[in-house]
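Hi,

Here is the structure I promised to pass on. Have a look at it first, and my notes on what turned up follow below.

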Amino acid sequence: VKDPSNSEINEISDELVNVGTGKDIRSIVDAVIRSKTLSPNAINGLLKGLQQMYSNHASKSNIRFVTNIRRLIKHSDESVVHEAAQTLGIWKINRAGPELVSLLKNSRHSFRTRQAASVALAQFGKTEYFQTLQKVTQSGDIQTCYAALPGLVTCDLESGVVAMVAIMQE
C-alpha cells in the first residue's frame, strides 16, 4: 500500500476539519495507534487534523477516545512523539500528564519534543503541572530547564520570565 503524499494528507486533514464527525475522530485515533503500515508522515498529518478538530468536537466522549493518543508518546519516530504531545495538550488530556512530565525530563528526546510536552502540560490549566514546570526550571539540567520554559510562560508569563532570568544567571 502506497503512503499518501503530503498534499493528499493535507487534503484529508482539511476535509476532516470541515466535515469530520465524532466517528471520524474515533477512526483517526484507531488508525494512528493501531496501524502497522502508516508512515510517520501520515500519522503526523492525521494528528494535525485531529488537533484542528478540537474546537468543534470537544465532547466528553471524543476526549475520552483521544486519550488513547497517549500510546504514541512511546512511538519510535520522534516527529510522531512531538505531534502526539501537541495533540494531547490541545485536547487537554489531563490523564497524559505523567507521561508528558517524563517526556519533558527525558534527555533522549529532542529539545523540540520536550518543549511540546511542556506546553501541553501548561494547556491542561492545572496548578499541579504549573508547579511541576516551576520545579523543573529550578532543578533540572540546563537543557531540561530551557525545555520547560515555554510551558511555564504559557501558564504564567511573569513566572516564566523570572525563571528564564534565573536560568540565564547560572
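Let me start with the nonpolar surface patch: H10 gives the most to it, with five residues. Before going further, note that this is a predicted model, so local features need pLDDT of at least 70 and side-chain atom pairs count only at pLDDT 80 or more, while totals for chains, interfaces and linings use all residues. Residues are numbered from 1 along each chain as its sequence is written, and side-chain values use heavy atoms, with hydrogens and water left out.

Two or more residues come from each of helix H9 (142–155) and helix H10 (157–169). Helices here are DSSP runs (H or I, at least four residues; strands would be E, at least two), numbered from the N terminus. Areas come from the Shrake-Rupley method with a 1.4 Å probe, and for residues only the protein chains shown count as cover.

One member to click on is Met168, which sits in helix H10 and counts as exposed at 57% relative accessibility. For the burial words, buried means under 20% relative accessible area, exposed over 50%, and partly exposed in between (1.4 Å probe, protein chains only).

There is a charged patch too: Glu8, Glu11, Asp14 and Glu15 form a negative one. Glu8 belongs to helix H1 (residues 6–19) and is partly exposed, at 36% relative accessible area.

**Salt bridges**

How many salt bridges does a search of the whole structure find? It finds three, taking a salt bridge as a side-chain nitrogen of Lys or Arg within 4 Å of a carboxyl oxygen of Asp or Glu. Side chains of opposite charge can pair when their charged atoms come close.

- Arg34 pairs with Asp30, with 3.3 Å between the closest N and O atoms. Both lie in helix H2 (residues 22–34), four residues apart, about one turn of the helix. Arg34 is exposed at 52% relative accessible area, whereas Asp30 is partly exposed at 28%.
- Glu83 and Lys48 meet at 4.0 Å, N to O. Glu83 is in helix H5 (residues 78–90) and Lys48 in helix H3, so this pair ties together parts that are 35 residues apart in sequence. Glu83 is buried, with a relative accessible area of 6%, while Lys48 is partly exposed at 41%.
- Arg70 bridges to Glu99, the closest N and O atoms being 2.9 Å apart. Arg70 lies in the loop between helix H4 (60–66) and H5, and Glu99 in helix H6 (residues 97–105), so the pair ties together parts that are 29 residues apart in sequence. Arg70 counts as partly exposed, at 22% relative accessibility.

**Buried residues and their contacts**

Contact here means heavy atoms within 4.5 Å, and the lists skip residues up to four places away in sequence.

Asn44, in helix H3 (residues 40–57), is buried at 9% relative accessibility. Its contacts are Ser79, Val80 and Glu83, and that Glu83 is the salt-bridge partner of Lys48.

Leu103 is in helix H6 and buried at 2% relative accessibility. It touches Ile73, Val81, Ala85, His109, Thr113, Arg114 and Ala117.

Glu78, Val81, His82 and Leu103 are its contacts.

Which residue has a positive phi although it is not a glycine? Lys92 does, at about 55 degrees. Lys92 lies in the loop between H5 and H6 and is partly exposed, with a relative accessible area of 38%.

Cheers

Methods:
Patch = residues over 30% accessible without salt bridge, like charges linked within 9 Å, V, L, I, M, F, W, Y side chains within 5 Å. Lys, Arg positive; Asp, Glu negative; His and termini not counted. Charge placed at Lys NZ, Arg CZ, Asp CG, Glu CD.
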